Amino acid sequence: MASYALKRLLQGLITVWFIATATFFGMHAVPGDPLTGDKALTEKIRENLEVKYGLNQPVITQYGIFLKNLAKGDLGISFTQENRRVNDIIAEHFPVSATLGVLAIFFAAIGGILWGALTALYRNRLPDTIIMLLVILGISVPSFVVAAVGQLSLVNLNDMAGTSVLPVGGWGTVWHMIVPSLVLGLSTMAYLTRLMRSSMLEIVSSDFVRTAKAKGIPAAQIFTRHQLRNAILPVITVLGPSIAAITTGGFVVEIIFAIPGLGRYFVQAVQQLDYTVIMGTTVFYGAFLVFMVILVDLIYGWIDPRVRLE
Amino acid sequence: MTNAEQTATTFSADAFAPLAQDQDVQSISRPSLSYWQDAWLRLRANRRALISLWLVVGLLLFTFLGPVIWQIDPTIQDVEQISQAPGANRSVTLVAEYEPWQGQGSSRFAFAETPTTQSVRLQWENFNPSYGYRVYRTPYSIGPERAFGLPLAETLDPFFEDRLDLRPMNYYYTVMAIDADGANTNNYHTIEGTVARVITLEDARSRGLVTTQANPPIGTKYEFAWHPLGTDYLGRDMLARLMHGARVSLFIGFFAPFLYVLIGVIYGSTAGFIGGVTDQAMMRFADFVVALPFLLFMILFKVMTNTGPGESGIIPMLFAMVVLLWPATARLVRGQILQIREEGYISAGRLLGAKTNYLVLRHMIPNTMGVILVTVTFAVPSAIFTEAFLSFIGMGVAPPTPSWGSMCNEGIKTMLTHPHELIFPALFISITVLAFNMLGDGLRDALDARMRNRE
């Protein structure tokens, strides 16, 4: 187990290095640089700035400096925002995105497992039909439409109540988090419901459930102890990739609900070619995703002893 | 012994003549079906898959036959009908040329004339003669938070004429008495009025509603052009834009998956067939590609192909999707190939002297075809989603080229006042994605017996 974890971590590090390298050279292949902005700079100012930021050096030297700083954990200073270190930007805005993401995953997992179990329990009856219809809707409607409709219904809700029941946008209190995280988790919830349903149906016809029935264990206990626990396993496997999906979906939700998360900064930095912010957020997100997937794999091995990690 | 001798002697010569074959040794009760015929039969029995198949056919007809029937140019702006909801009133009344107005004096707050798109004339009792009034306009009713809307003017006179960008809709006008500092007081009056759409003779002639010779009387009613699904914020016909947008969305939706699945199949089958260290290295590389940030590379390709702002970003988007999304298919096909490689018929083929190329092309790829087809079907909705997402954040198809995603992007800005501009493109995306998801489910059930009933 320990050696497996170590091996996976090492692989993860190499992946992160690859992402960093590809992004670095890709970014420098784009014509223009952070100094090509709205303001026209004179030749001399431009030269001075280039020297200051090290942009006058060959790309390969810049790459070397970047790697050296990265190893020290220093991501540099933003080009477009005054005196802000990329580390600070991430430290300030990532917790917001992470809170949103964790809440969304939480809603998605709880909802997915509950609805999925319910549909399997009422297979081919009315609750099953209704939930599966909603699931198909959840999968088919794009996230930005869900977000827009979510916000629209919030406006209507506040209108009807006459007061502000839940805030329409922004960030700060728990009340700000509810609707955006629900919206963000919706498509994942739909996906997990489907997965949970099929996994439950498969387990209903398994040998150990039949044995449990034969022993005379009450149906409710079979359901919770035997079916539910075993059916959750495949759901856990897809949680890793789901985190990736939720981070990309987070951009849209952050823009629509005016949430000061990292996703907005990333989109903005890409448009302004802010080298250090792009590199910093990309490496950070890349590392985050890679290690999340590893973590989920390790947890999976721990929950299901039949899976041998090697 | 004696018995046998006896029988032997009774055989005549014609007993040794061959029998006429009037009966099959083995009969096949049903016609033999190939794998694909069988799959087609199973698909046809699946009601949901059949519905989705018809939906896809309908979408294709909408995309390719639609513009032939509905020949409206999607770029033409109908400036008289901006952000029109479907089924909105299209009538317009002929009025006289505009003439200036100086108020008539009134004892109560009222419209001096019927409000029209030419001008809205308000007058009221002079209840605050010393400091004057501020006039507000809003399309929403004024709630407890006292949102009066757009401040139009400050005046000392007890009348006001609004000619600012009037639309044929409901407005709430508020006359607010202001104090010495120009601040709002609690003394205000609100009036609601519906603005009627009017047109002058000259405008009507230039729009082709009236011929140059004709001289119809004031008050004649006309109808503007019909837009079945309304118009967008620039007055462009929604139906025509949806039809043209469908081309972009479906082009990316079909072509991108086709290309990246093809690359994935080639890559995955090569890795799976060669195996060993090469396989490990190839799959590790695929893992790296999966981890690359999609958005950044998308923009990178956009710039590398010299797509400036204003040009449509279809090709760079296609390129980015192909370069970044192939690994999932590669992994799947590799898994299949690894499994099939151990099958008996491959060993048998090898024993009979089949070459590697022959084995791959003749046995392995056809046997993974079902899985590949299902992957393509599920890749179509995800590609349409990606296009919509990228266009939505402004990184995909650039205006004026319509695509469903960019139409959603434009529609979301006016979502509160004109929801139809968001609803229709979103509906088309949803229906397409839904159809392909259901078709994918049906195909998976039909093609892969092991996957059946998994939902």
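**Close look at one residue**

A:D128 has a relative accessible area of 3%, so it counts as buried (buried is under 20% relative accessible area, exposed over 50%, partly exposed in between, with a 1.4 Å probe and protein chains only). The model is predicted: local features need pLDDT of at least 70, side-chain atom pairs count only at pLDDT 80 or more, totals for chains, interfaces and linings use all residues, and side-chain values use heavy atoms, without hydrogens and water. Residues are numbered from 1 along each chain as its sequence is written, and chains are lettered from A and ligands numbered from 1 in the order in which they are written.

A:D128 sits in helix 5 of chain A (helices are DSSP runs of H or I with at least four residues, strands are runs of E with at least two, both numbered from the N terminus). What does A:D128 touch, leaving out residues up to four places away in sequence? The list is A:T119, A:Y122, A:R123 and A:R197 (contact means heavy atoms within 4.5 Å). With A:R197 there is also a polar contact between the side chains, at 2.9 Å (a pair of N or O atoms within 3.5 Å; within protein, one must be able to donate a hydrogen and the other to accept it, and residues adjacent in sequence count only if both atoms are side-chain atoms).

Chain A has 11 helices and zero strands. Its pattern along the sequence is α-α-α-α-α-α-α-α-α-α-α. The C-alpha trace spans about 85 × 60 × 30 Å along its principal axes. Of the 310 residues in chain A, 47% are buried. Among contacts in chain A with a separation of 6 or more, 73% join residues 24 or more positions apart.

Chain A also carries a salt bridge between the side chains of A:E92 and A:R84, at 2.7 Å, N to O (a side-chain nitrogen of Lys or Arg within 4 Å of a carboxyl oxygen of Asp or Glu). A:E92 has 48% relative accessibility, so it counts as partly exposed.

The contact between the chains takes 40 residues from chain A and 36 residues from chain B. Together they bury about 3,200 Å², with 78% of it on carbon and sulfur atoms (buried area is the accessible area, 1.4 Å probe, that two parts lose on being put together, summed over both). A:F18, A:F144 and A:R194 supply 18% of the area that chain A buries against chain B, more than any other three residues. Across this interface the rule finds zero salt bridges. It also finds zero residue pairs in polar contact, with both at pLDDT 80 or more.

Which elements of chain A give two or more residues to the side that touches chain B? They are helix 1 (2-29), helix 5 (126-140), helix 6 (143-161), helix 7 (174-204), helix 9 (219-256), helix 10 (262-272) and helix 11 (275-303). Helix 1 gives the most, with nine residues. By class, this side of chain A has 26 nonpolar, 11 polar and three charged residues (nonpolar: Ala, Val, Leu, Ile, Met, Phe, Trp, Tyr, Cys and Pro; charged: Asp, Glu, Lys and Arg; polar: the others, Gly among them).

A:F144 turns up again in the largest nonpolar core, which has 122 residues (a core is a set of buried Ala, Val, Leu, Ile, Met, Phe, Trp, Tyr and Cys residues joined through side-chain atoms within 4.5 Å). A:F144, A:I256, A:F257, B:L242 and B:I429 touch the most other members. Beyond four places in sequence, B:L242 touches B:F62, B:L229, B:W404, B:M407, B:F424, B:P425 and B:F428. A second, separate core of 23 residues includes B:Y267, B:M283, B:M364 and B:A379.

Chain B has its own buried charges. The side chains of B:E410 and B:R236 form a salt bridge at 3.9 Å, N to O. B:E410 is in helix 13 (residues 404-413) and B:R236 in the loop between strand 10 (221-223) and helix 6 (238-274) of chain B, so the pair ties together parts 174 residues apart in sequence. Both B:E410 and B:R236 are buried. B:E410 also meets B:R241 in a salt bridge, at 3.3 Å, N to O. B:R241 lies in helix 6 of chain B and B:E410 in helix 13 of chain B, so this pair ties together parts 169 residues apart in sequence.
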